[in-house]
Amino acid sequence: DLINYIVIDDGWQNGWGNWTENEKFSCGLAAVAKNIQDAGFIPGLWMAPLAVKEDVAIFTQHPEWLCRDENGELFRKSSHYYLDPTVPEAETFILDNYRYQYAAGFRLFKIDYVSPIVEVKTFYDKTATPYGVLANLINRIKECTGPDAVILGCSLPLECGPDIAPSMRIAVDIHNHFSHAIWIA
């Protein structure tokens, strides 16, 4: 078997920070996972568990869950804000998403857009370090998804990724940019 996994990538969710299935998956994640299993594959799901955009409820309802910069302003990288997984309620929110997806039948979890967290200087937990936060996040996700789950770190910092994720993607996405395929090769 050359292909074992079918991974649903970005576009299944209601927004970055709202990790519930959108109208494209109105049958529900469990039905999608079952269809993948029935076809003889292992279902996988992409998620950016820390990334939040302004257009989702969590951004306005729980700004205290978001990372801050050294001036107390919301930490932003590109068009995303980032959940601080050392805030207990934010960690519960993140892990509940993975529990839900695991219960739906997904067994590969592609965890993306987490590397900007290494730029955060201070967390809710003042003893936390950026690499420690990433390691704890991956370990906690592993704990709540079960021993049969595969964790794929995506865009993890190369200096720590191999030590904290059982597997990881180390290059850019392959998509409609031929320069990416050349760079990866």
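This is a predicted model: local features need pLDDT of at least 70, side-chain atom pairs count only at pLDDT 80 or more; totals for chains, interfaces and linings use all residues.
A salt bridge is a side-chain nitrogen of Lys or Arg within 4 Å of a carboxyl oxygen of Asp or Glu.

**Stop 1: a pair within one helix**

Select Arg-99 and Asp-96. Their closest N and O atoms are 2.8 Å apart, and the two form a salt bridge. Both sit in helix α3, three residues apart, which places them about one helical turn from each other. Arg-99 is partly exposed at 37% relative accessible area, and Asp-96 is also partly exposed, at 40%.

**Stop 2**

How many salt bridges does the structure hold? There are eight. Pick out Asp-9 and Lys-110, whose side chains meet in one of them at 3.5 Å, N to O. Asp-9 belongs to the loop between β1 and β2 (13–15), while Lys-110 is in strand β8, so this pair ties together parts that are 101 residues apart in sequence. Colour the two by exposure if your viewer can: Asp-9 is partly exposed, with 37% relative accessible area, whereas Lys-110 is buried, with 11%.

Next, select Glu-119 and Lys-77, another salt bridge, with 3.0 Å between the closest N and O atoms. Here the loop between β8 and α4 supplies Glu-119 and strand β6 supplies Lys-77, so the pair ties together parts 42 residues apart in sequence. Glu-119 is partly exposed at 36% relative accessibility, and Lys-77 is partly exposed at 33%.

**Stop 2: a helix with two faces**

Show helix α1, residues 29–38, and highlight Leu-29, Val-32, Ala-33 and Ile-36, which are buried. Turn the view until you look down the axis of α1: its buried residues fall within an arc of 95 degrees, so they line one face of the helix. What do these buried residues pack against? Their neighbours are β1, β3 (18–21), β4 (42–47) and α3 (88–104). On the face of α1 turned away from the buried side, look for the exposed residues Asn-35 and Asp-38. Then move on to Gly-40, which follows α1 and has a positive phi near 95 degrees.

**Stop 3: positive phi without glycine**

Select Ser-78, in the loop between β6 (76–77) and β7 (80–82). Its phi is positive, about 60 degrees, although Ser-78 is not a glycine. Is Ser-78 buried or exposed? With 64% relative accessibility, Ser-78 counts as exposed. For another example, go to Tyr-113, in the loop between β8 (108–111) and α4 (130–145). Phi of Tyr-113 is near 55 degrees, again positive in a residue other than glycine, and at 32% relative accessibility Tyr-113 is partly exposed.

**Stop 4**

Leu-2 lies in the segment before β1 (5–8) and is exposed, with a relative accessible area of 88%.

Finish with Cys-67 and Cys-154. Cys-67 is buried, at 1% relative accessibility, and Cys-154 is buried too, at 0%. How many disulfides are there, if a disulfide needs two cysteine sulfur atoms within 2.5 Å? By this rule the count is zero.

Technical notes:
Residues are numbered from 1 along each chain as its sequence is written. Side-chain values use heavy atoms; hydrogens and water are left out. Helices (H or I, at least four residues) and strands (E, at least two) are DSSP runs, numbered from the N terminus. Buried means under 20% relative accessible area, exposed over 50%, partly exposed in between (1.4 Å probe, protein chains only). The arc is that of the directions from the helix axis to the C-beta atoms. Contact means heavy atoms within 4.5 Å. A disulfide is a pair of cysteine sulfur atoms within 2.5 Å.
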